[in-house]
Every structure is written in structure tokens, then in C-alpha cells.
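Here's a quick briefing to read with the model open beside you. Start with the picture below, then work through the notes topic by topic.

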Amino acid sequence: MNHKALIIGATGMVGQNLANRLVAEGWTVHGLARRVEALPSGVLPIKADTLDPVSLRDALAGLSPSHVFFTTWTRRETERENCIANSAMLRNVFEALPHPERLAHASLVTGLKHYLGPFEAYAKGAPPVTPFREIMPRLDVENFYYAQEDVLFEEAEKHGFSWSVHRPHTVIGHAVGNLMNMGTTLAVYASLCRAAGLPFVFPGSLVQWSSLTDVTDARQLARQIHWAATSPAGRNEAFNVVNGDVFRWSGLWPELAAWFGLEAAPYPGHATSLETMLKGKEGDWAALVAKYGLVEPEFSRLASPWHTDADLGRPVECVTDMSKSRELGFTGYQSTRGSFFDLFTLLRAQRYIP
């Protein structure tokens, strides 16, 4: 079969890694984004806004993909607005495609907020039972992940294609301008600490510092999305996806510090907001950019401390079960230390960090 992909959000962390994988596998890959300058090599650009149905229809005219991959989202002030906007993005794409009935498969990337709840009610109430498993029921709260899933299920039934949903934990990978980018945020934080001689303090909660947890490498996520889109076992299923190992931040944090030539500061016993610690550091970052000839002067395009605070500040344990994927045939694995160190090495080689 001649696989032809349409990736929504192809310049993001997930979209870029997925595009690179599919291109390497010989797929024809179309990448849709509002700004297409950062598309990976070999990806055919489609410049469009998924929330503008008229321009989206024009942009997709004549395109008949075999697979659609939704790898992006938009953030609004309230979860009700998130539900409206993010579900509209999916519906608009299906309605804009000239022949949605020709689709073989559509994939949707969501995340662990499926189990933890949206930002408005993030990890509040009774602690969730871990490890997170796909059979757990939806929470009784508004959640734009649920709204997206409902559109996907409805469109799949209407047009006769299969679907898959992918729920990563914190995604570690390379993408400038990403709204949720812990790996690059920590690299910027460590670089500023080293330059100014500041202590490299773990900003998260005591639970996150001491409990077992996991993350998702963007390459691991791309492997699973590709597998589910092409394997009969992956059809019409929702899958958790993490690296396959577990760790404690209390053990990993000193290793991250050592990569940057730092000593990890003693844990203070409580969460310390990274957003607060990095507030007003734009000038310090500009000085590093000038001193080392770095390529991204805009601090906010590299660091998203608000999201790192949300992830690391959770007062609950977060461990994800991957049994379902493994039982159905997906056996991908990625070392978490490799996730971080590969990213840091790439950021340095591309002169995003000193």
C-alpha cells in the first residue's frame, strides 16, 4: 500500500519525530502547521490553521491521505473553551478532507491528563490509582482529551476508518516553541545556573522527588504511533506509551546536573516554582546568547517553566502501565537517561544551549 500521511502539528515535538520516522519508512508525508518553515526534511508543507475551516478546506483540496495523525493542541482560558477549540480542530480537518471515506486510519495523541484531569482540576481530589491503565474510566470532569476522542470515534464510525489514541506521559524531545517542553526547559535552567553560579534545585514536589515515575521519549511515541497505524492489533485501541523504564527524580537529578558540570543542590523538602525562579531571566539568557553565539534569542521559545511546574509539582505518584501495548505486539523501549542526554547533546550541537 502506498502510505500517504497528513500530520497535523508537524512542526511540534511529536509531529517532527513522527514525520522523520515516516519519511524514513518511505511514506509520502504532508505536514500541516501554521508556520511551515521548521518542517523536517522530506515533508511536504501545508500551511493552514485548523480553526479556520474555509482556509483549511482550500489547503486540503485535492489531498487524499491514507492516514491522518493529530499531534497538536491549543490552550484556552478554561477547560470548557479547551473542549470546544480542540474538538473543533479535529472535526474541521475531517470535514475539510475531500474524501475522508478513503482514510485507512486516524491517530490522536493525548496524554496522562486523561487520568489526572485537566489543568483546572489537575491531580486534585482523591489520588488516582496507579499504575495508570487504559481500562480506567473517564473522570467525571470536563476534559478536552475526552472531547477529542468523541470526535475521532464519531468520524471513524461515519467514514469507516480505524483509529488509535496514544497517551504519553511527559514527552522528552526536540522542538523549539513547544508549549510543553520539559527537557529543553531543564537544559535552559541548568545553563543559567551554571553561568550565574546558582544552585540547581529540583523544583518539584516531595512526591515527585521520591516516588517512581516515567516519561515518554518523542521517538518512542513515534514508534508506537507508526506501529498502531500499520498493525491490525493497533486498530480501534487506546494505548499508554512511556519509555519502558522507571526512575526517581532523586536519582536522575544529580545525573542531569553532572551533564552540565553542576552539582545538584540538596532537595529543599518542598516544591519551588521554576516559573518563579526563571522570572526576569530574559536578560541573563540574552547575555548567554551573545557570549556563545546561540541561535535562539527568545527565551520563551525554549523554556516553558509553567508546564514543568505542573508536571513536577504533582502531589501524586505517576506510573504508567504498558502491558496492553506489549501484549498486542508493540515492544519498543527507550532509556530515559538516553532521552535526556541525547536531547542535551543535540541542543548543544545545534547551538541552542552553551
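"Buried" here means under 20% relative accessible area. Keep in mind that what you're looking at is a predicted model. By that cut-off, the buried residues of helix H5 are Phe 144, Tyr 145, Tyr 146, Ala 147, Gln 148, Glu 149, Val 151, Leu 152, Glu 155, Ala 156 and His 159.

**The chain as a whole**
- The protein chain comes to 15 helices and 11 strands.
- Its radius of gyration is 20 Å, close to the 20 Å that the globule rule gives for 354 residues, so the chain is as compact as a globular protein of that length.
- Along the principal axes, the C-alpha trace spans about 60 × 45 × 35 Å.
- Buried residues make up 55% of the 354 residues.
- Take the contacts between residues at least 6 apart in sequence: 78% of them join residues at least 24 apart.

**A closer look at H5**
- H5 covers residues 144-159, which is 16 residues, and it reaches 23 Å from its first C-alpha to its last, close to the expected 22 Å.
- What covers its buried residues? The cover includes helices H3 (79-96) and H4 (113-116), plus strands E5 (105-109) and E6 (162-168).
- After H5 comes Gly 160, which has a positive phi near 85 degrees.

**Aromatic pairs**
- A search of the whole structure turns up 25 aromatic pairs.
- In one of them, Trp 227 and Phe 239 have ring centres 5.2 Å apart and planes at 65 degrees; the pair counts as edge-to-face because the angle is over 60 degrees.
- This pair links distant parts of the chain: Trp 227 belongs to helix H8 (residues 218-230) and Phe 239 to strand E10 (residues 237-241), 12 residues apart.
- Both partners are buried, Trp 227 with a relative accessible area of 14% and Phe 239 with 0%.
- Phe 340 and Phe 344 make a tilted pair, at 6.1 Å centre to centre and 50 degrees between the planes.
- Those two residues both lie in helix H15 (residues 336-349), 4 residues apart, or about one turn of the helix.
- Phe 340 and Phe 344 are both buried.
- Ring pairs also link residues into a cluster, and its members include Tyr 189, Phe 200, Trp 209, Trp 253, Tyr 267, Phe 340 and Phe 344.

**Charges over rings**
- The charged end of Arg 75 sits over the ring of Trp 306, 4.0 Å from the ring centre.
- Phe 239 turns up again here: the charged end of Lys 324 sits over its ring, 5.3 Å from the centre.

**Backbone spots to check**
- Thr 130 and Pro 131 are joined by a cis peptide bond, with omega about 0 degrees.
- Pro 131 is in the loop between H4 and H5.
- Asn 236 isn't a glycine, yet its phi is positive, near 55 degrees.
- You'll find Asn 236 in the loop between H8 and E10, and at 39% relative accessibility it counts as partly exposed.
- Arg 351 isn't a glycine either, and has a positive phi of about 65 degrees.
- Arg 351 is in the segment after H15, and at 43% relative accessibility it counts as partly exposed.

Conventions: Residues numbered from 1 in each chain as written. Predicted model: local features only at pLDDT ≥ 70, side-chain atom pairs only at ≥ 80, totals over all residues. Heavy atoms only, no water. Expected span 1.5 Å × (residues − 1). Buried < 20%, exposed > 50% of the residue type's maximum accessible area, 1.4 Å probe, protein only. Contact = heavy atoms within 4.5 Å. Phe/Tyr/Trp six-rings, centres within 6.5 Å; stacked < 30°, edge-to-face > 60°. Lys NZ or Arg CZ within 6 Å of the ring centre and 35° of its normal. Rg over C-alpha atoms; globule rule 2.2 N^0.38 Å.
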